[in-house]
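Trainee: I have a model open and a list of questions. Can we go through them in turn?

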Amino acid sequence: MVKRFPSSLIGKLERIYSRYWWSRDEESLFRKAMSDPFQNIIFTLLSQNTSSENTRRAYLGLIRKFEVAPQCLLEADARELSEAIRPGGLQRVKARRIKEIARYVLSEYDGDLSWVYSEPKEVVREKVMRLPGVGDKTADVLISSIHGHREALVVDTHMRRIAVRLGLVEENASYQEVQEALTHFFPWESIPKRREERIVGLFWMLAKHTCTARRPKCEGCMLAGICDKRIGKSYN
C-alpha cells in the first residue's frame, strides 16, 4: 500500500506549523528573489550548507552592496563579494561560484534568463544544471517557482530525512527517487494550486521542527501512525 499524507490532516498541519512561518519581511525578500530567474539561482546558491536565517542574512548583505545581475556580479571585487555574503558561510567558495554563474549566463544567454518561462520544464532543468555549481535542488527551486511544487518538488536535507523515516524511500535513495516518492505522498487533489506552496512549506516546517535530525519529537508528530521509524524502530 502506498503511503499518502492524509488530506484530513491538512488543517492540523496549518494550525500547528503556521507559527513557524517566515515573517512578512522574510517572505517578501524571498518572493522578490524568486521572481527573477538569475536572483532565484543566486539566492538558492547562498542557501547551500546553511540555515534559512543565514541565507537571508547573506542575501541581504549581497543586495545592499551589489545589484544582483550577471554583469554587476561578474565585475564585483571578489573580496567585497565574499565579505557581503559572509553570514551564509563558505563565502569564498560561494563568491567564486557566483562569478562563474554570472560569466556563464553572460556568455551563453547574453545575461538574459527569461527563456525559462517559455521553455518546457525538462529543458529548463537540463540547461540550468549546466551552470557551475547548480544541482537538482537549485534547478527545482527555479522550476517550482514557475510551475509549482507538484511539478518540481524541492528536496533538501529536511525533506530527505522525513521521506526516509516515513519509509517512502531507502537511505541511499537518489534525489529523483526521493522527489518522486514525496510527490506521490502529497494529496494534491485536496490541495488547491494556489495553496500548494503553503502546504509544502508547512510540511517542510514539520520536517524541520518535529522530525529533527537529533531527538525527533515522535510523540507529538501527526504522522507517527504511518511512520516506519516511529512504529518499529528506535533512533540512535
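**Backbone, core and pocket**

Mentor: Start with Leu 90, which is partly exposed at 46% relative accessibility. This is a predicted model, so keep that in mind throughout.

Trainee: Where is the place of Leu 90?

Mentor: Leu 90 is not a glycine, yet its phi is positive, about 50 degrees. Its relative accessibility of 46% makes it partly exposed. Its place is in the loop between α6 (78-84) and α7 (91-109).

Trainee: Is Arg 215 buried or exposed?

Mentor: Arg 215 sits in the loop between α12 and α13 (228-232). Its phi is positive too, near 50 degrees, in a residue other than glycine. The cut-off for exposed is over 50% relative accessible area. Arg 215 has 78%, so it is exposed.

Trainee: How many helices and strands does the chain have?

Mentor: Read along the sequence, the pattern is α-α-α-α-α-α-α-α-α-α-α-α-α. The count is 13 helices and 0 strands.

Trainee: What radius of gyration does the chain have, and what would a compact globule have?

Mentor: The C-alpha trace spans about 55 × 35 × 35 Å along its principal axes. For 236 residues, a compact globule would come out near 18 Å. The chain agrees with that, at 19 Å.

Trainee: How far apart in space are Tyr 59 and Glu 126?

Mentor: In sequence, Tyr 59 and Glu 126 are 67 residues apart. From C-alpha to C-alpha, the spacing is 26 Å.

Trainee: What C-alpha distance separates Asp 112 and Pro 70?

Mentor: Asp 112 is in the loop between α7 and α8. It is partly exposed, with 38% relative accessible area. Asp 112 and Pro 70 are 42 residues apart in sequence. Their C-alpha atoms are 8.7 Å apart.

Trainee: What separates the C-alpha atoms of Gln 71 and Arg 125?

Mentor: Gln 71 is found in helix α5 (residues 70-75). It is partly exposed at 41%. Along the chain, Gln 71 and Arg 125 are 54 residues apart. Their C-alpha separation is 23 Å.

Trainee: What separates the C-alpha atoms of Gly 135 and His 184?

Mentor: Gly 135 is in the loop between α8 (121-128) and α9. Its relative accessible area is 26%, which makes it partly exposed. Along the chain, Gly 135 and His 184 are 49 residues apart. The C-alpha separation is 22 Å.

Trainee: Which residues lie nearest the centre of the largest pocket?

Mentor: The largest pocket holds about 1,200 Å³ of space. Its lining has 39 residues. Nearest its centre are Trp 22, Phe 30, Val 141, Val 154 and Trp 204.

Trainee: Which helices each supply at least two residues of that lining?

Mentor: By class, the lining of the largest pocket has 11 nonpolar, 17 polar and 11 charged residues. The helices that each supply at least two are α2 (24-34), α3 (37-46), α4 (52-65), α9 (136-147), α10 (157-166) and α12 (196-209).

Methods
Residues are numbered from 1 along each chain as its sequence is written. This is a predicted model: local features need pLDDT of at least 70, side-chain atom pairs count only at pLDDT 80 or more; totals for chains, interfaces and linings use all residues. Side-chain values use heavy atoms; hydrogens and water are left out. On a 1 Å grid over the protein atoms alone, a cavity is a set of points where a 1.4 Å probe fits but cannot get out, and a pocket is an open set with protein on both sides within 12 Å along at least five of seven lines; lining residues have an atom within 4 Å of a point. Grid points are joined across faces, edges and corners, and a volume is the space filled by probe spheres set on the points. Helices (H or I, at least four residues) and strands (E, at least two) are DSSP runs, numbered from the N terminus. Ala, Val, Leu, Ile, Met, Phe, Trp, Tyr, Cys and Pro count as nonpolar, Asp, Glu, Lys and Arg as charged, and the others, Gly among them, as polar. The radius of gyration is taken over C-alpha atoms; the globule rule is 2.2 Å times the number of residues to the power 0.38. Buried means under 20% relative accessible area, exposed over 50%, partly exposed in between (1.4 Å probe, protein chains only).
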